[in-house]
Amino acid sequence: MNDSANTPHAMRPKMDGYGVPGSSKGMLPWKWAVERFSHSHNYWLTTVRPDGAPHVMPVWGVWLDGAWYFSTSATSRKSRNLERNPKCVVCNESAKEAVIMEGRAERLKDDAIPAQAFEDYKAKYGWELDPKRGPAWKVTPSVVFAMPEKQFPEGVTKWVFGD
């Protein structure tokens with residue numbers, strides 16, 4: 001996986017009272033987050049219902065070229081929520097090495113799904129990423145947080161994407 005072109009700006013998150021250092025000493029490299037996020041088997045996807053209530057469900061997905069891809073039924077609560085509000089949060093399965101990604105989801109047309117996403121999904125899960133079963137979504141990160149339990153608070157890192 002090559003994410004060098006998509007390397008975000010690293011900084012400290014605002015976490016008053018938790019002992020997070022003001023310096024960059026101990027911050028984690030972007031590669032740390034990419035490895036843990038991409039190797040997660042299950043992910044927690046949080047979307048927002050029309051009434052503003054959160055909705056969290058486990059899903060499968062793959063990290064590819066700086067974005068996360070998953071699919072779900074078009075009639076699922078996840079899809080319906082994302083159609084109304086594309087803002088979401090995706091977390092890896094390990095709370096001990098938590099990676100929390102805030103981003104925007106985009107429903108992809110079948111021909112916009114990268115061929116590599118199909119291959120990676122099949123290799124990871126032994127299951128086809130099949131747009132006939134439900135639409136594929138691409139989540140592009142805006143902010144990612146790392147909360148490593150064993151390196152807390154020195155390892156706490158925030159990455160910001162874009163300008």
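In the hairpin of β2 and β3, which has 5 residues between the strands, glycine 52 adopts a positive phi near 95°. Helices (H or I, at least four residues) and strands (E, at least two) are DSSP runs, numbered from the N terminus. The model is predicted: local features need pLDDT of at least 70 and side-chain atom pairs count only at pLDDT 80 or more, whereas totals for chains, interfaces and linings use all residues. Residues are numbered from 1 along each chain as its sequence is written, and side-chain values use heavy atoms, with hydrogens and water left out.

**Strand β2 and its partners**

- β2 and β3 run antiparallel and are joined by 6 bridges; two strands pair if DSSP finds at least two bridges between them.
- Within this pairing, leucine 45 has methionine 57 of β3 as its bridge partner.
- β2 also pairs with β6, in the antiparallel sense, over 4 bridges, and there tryptophan 44 is partnered by cysteine 91 of β6.
- Buried means under 20% relative accessible area, exposed over 50%, and partly exposed in between (1.4 Å probe, protein chains only).

**Proline 50**

- Proline 50 is located in the loop between β2 and β3 (54-59).
- Proline 50 counts as partly exposed because its relative accessibility is 47%.
- Leaving aside neighbours within four places in sequence, proline 50 is in contact with Arg77, Asn81 and Arg84, where contact means heavy atoms within 4.5 Å.
- Proline 50 and threonine 157 lie 107 residues apart in sequence and 32 Å apart in space, C-alpha to C-alpha.

**Strand β9**

- In β9 (residues 157-160), Thr157 and Trp159 form a covered face, and Lys158 and Val160 an uncovered one.
- β1 (residues 9-11) pairs with β9 in the antiparallel sense over 3 bridges, with methionine 11 opposite lysine 158.
- β8 and β9 run antiparallel and are joined by 4 bridges; here valine 144 stands opposite tryptophan 159.

**Nonpolar core**

- The largest nonpolar core has 35 residues, and those with the most contacts inside it are Trp30, Phe37, Trp68, Val90, Met101 and Val139. Such a core is a set of buried Ala, Val, Leu, Ile, Met, Phe, Trp, Tyr and Cys residues joined through side-chain atoms within 4.5 Å.
- Not counting residues up to four places away in sequence, methionine 101 touches Phe37, Trp63, Trp68, Cys88, Val89, Val90, Val139, Pro141, Val143 and Val144.

**Cavity and pocket**

- A search of the whole structure finds 1 cavity of 30 Å³ or more. On a 1 Å grid over the protein atoms alone, a cavity is a set of points where a 1.4 Å probe fits but cannot get out, and a pocket is an open set with protein on both sides within 12 Å along at least five of seven lines; lining residues have an atom within 4 Å of a point.
- The largest cavity holds about 40 Å³ of space and is lined by Trp30, Ala33, Val34, Phe37, Trp63, Val99, Met101 and Val144.
- α1 provides the largest share of this lining, 4 residues.
- The largest pocket has a volume of about 190 Å³, a volume being the space filled by probe spheres set on the points, which are joined across faces, edges and corners.
- Residues lining the largest pocket include Trp60, Tyr121, Glu128, Asp130 and Arg133.
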